[in-house]
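Open the structure in your viewer and follow along.

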Amino acid sequence: MARERSGPTLAHLVLATRLKMLREAAGLTRQHAADALGAHPVTVRRIEQAQTSLDEGQVRSLLRAYGLPAAEIDEFLGKLATANLPGWWHPWRAAMDPWQLDLMSVESAASMIRAWEPALVPALLRTRAYARAVDDALRPDLSAAEKDARTELLMIRQEQLRAQQTRIWAVMSAVALHTRVGGSDVMAEQVAALRAAVDGPDVTLQIHPLDGPPHALTGTPAITVYRVEAREIPDRVVREGGPAGSADVWDASATVTDYRLLLDYSCAIALHPDKSKEALS
């Protein structure tokens, strides 16, 4: 029985993507693959997009149809058990917005995360109190318990990223330092946390001053770009700013490159990281 959906792990994504690549290399359509399974092409699409767990019998039939030697089939099948395990975030699925479910596998394997925030501190650099206060202001649709769960999940995500030594390169407007989120104590704690974070090796922060010129991301909502060191998995870009709990997520190379260039242009005229540290003082 398939487990309750909580988004695929990176191992699952890699195997699903390899199945698609093997089918295409064999010159077969999804209809051909579906015929080998005795199923509908939609089933093949769901398998290739990691929208369902990988069934050993189905995968074996597909690999045979794609002409893989027996030894390679056995090697592939040997990875299924790990791929089908739920991610660490599985118990927290109720605290996530739907778009986050499919993104957690990418975040949990990201080597670098770049972020732009127009008016607030970037989410992955927020303190517990600041994050809770943001949800109090921006998510009135959620109950107190749901907000508490979201805050706890964010703290765990930050711990996971520190443990895997993911680099975070964020750029934000100095508006965030002048927008009172929570009380003065919350803001003081948040600024102190930013100072501590940028003193470490894995966080780079650049700030656009209030009296600075327009830049490439002026007027753009929050952007996050995820870089994963796995050739089968494309980078992701997430743009928030729509209705509460929604976001646009893209993995097309051209789109990701466009947003990465916007971040580059914006960072080029933001305060240097050393000057940004001074701004936090």
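A residue counts as buried when its relative accessible area is under 20%. By that cut-off, 43% of the 281 residues in this chain are buried. Keep in mind that the model is predicted.

**Whole chain.** Show the cartoon. You have 14 helices and six strands to look at. Turn the view along the principal axes: the C-alpha atoms fill a box of roughly 65 × 40 × 30 Å. Now think about contacts with a separation of 6 or more: residues 24 or more positions apart account for 71% of them.

**Start of H2.** Select residues 30-37, which form helix H2.

**After H2.** Step to Gly38, which follows the helix. Its phi is positive, near 70 degrees.

**H2 against H4.** Next, select residues 56-65, helix H4. How far apart are the axes of H2 and H4, and at what angle do the helices pack? The axes are 9 Å apart, and the angle is about 125 degrees. The two helices are therefore oblique to each other. Their crossing is right-handed.

**The contact itself.** Show side chains. From H2, pick Ala33, Ala36 and Leu37. They meet Gln58, Ser61, Leu62 and Ala65 of H4. Color by class: five residues of this contact are nonpolar, two are polar and none is charged.

How values were computed
Residues are numbered from 1 along each chain as its sequence is written. This is a predicted model: local features need pLDDT of at least 70, side-chain atom pairs count only at pLDDT 80 or more; totals for chains, interfaces and linings use all residues. Side-chain values use heavy atoms; hydrogens and water are left out. Axes are lines fitted to C-alpha atoms, for helices over the stretch in contact, and angles run from 0 to 180 degrees between N-to-C directions. Helices (H or I, at least four residues) and strands (E, at least two) are DSSP runs, numbered from the N terminus. Angles under 35 degrees count as roughly parallel, over 145 as roughly antiparallel, 65 to 115 as roughly perpendicular and the rest as oblique. A crossing is left-handed if the near helix is turned anticlockwise from the far one by less than a right angle, and right-handed if clockwise. Contact means heavy atoms within 4.5 Å. Ala, Val, Leu, Ile, Met, Phe, Trp, Tyr, Cys and Pro count as nonpolar, Asp, Glu, Lys and Arg as charged, and the others, Gly among them, as polar. Buried means under 20% relative accessible area, exposed over 50%, partly exposed in between (1.4 Å probe, protein chains only).
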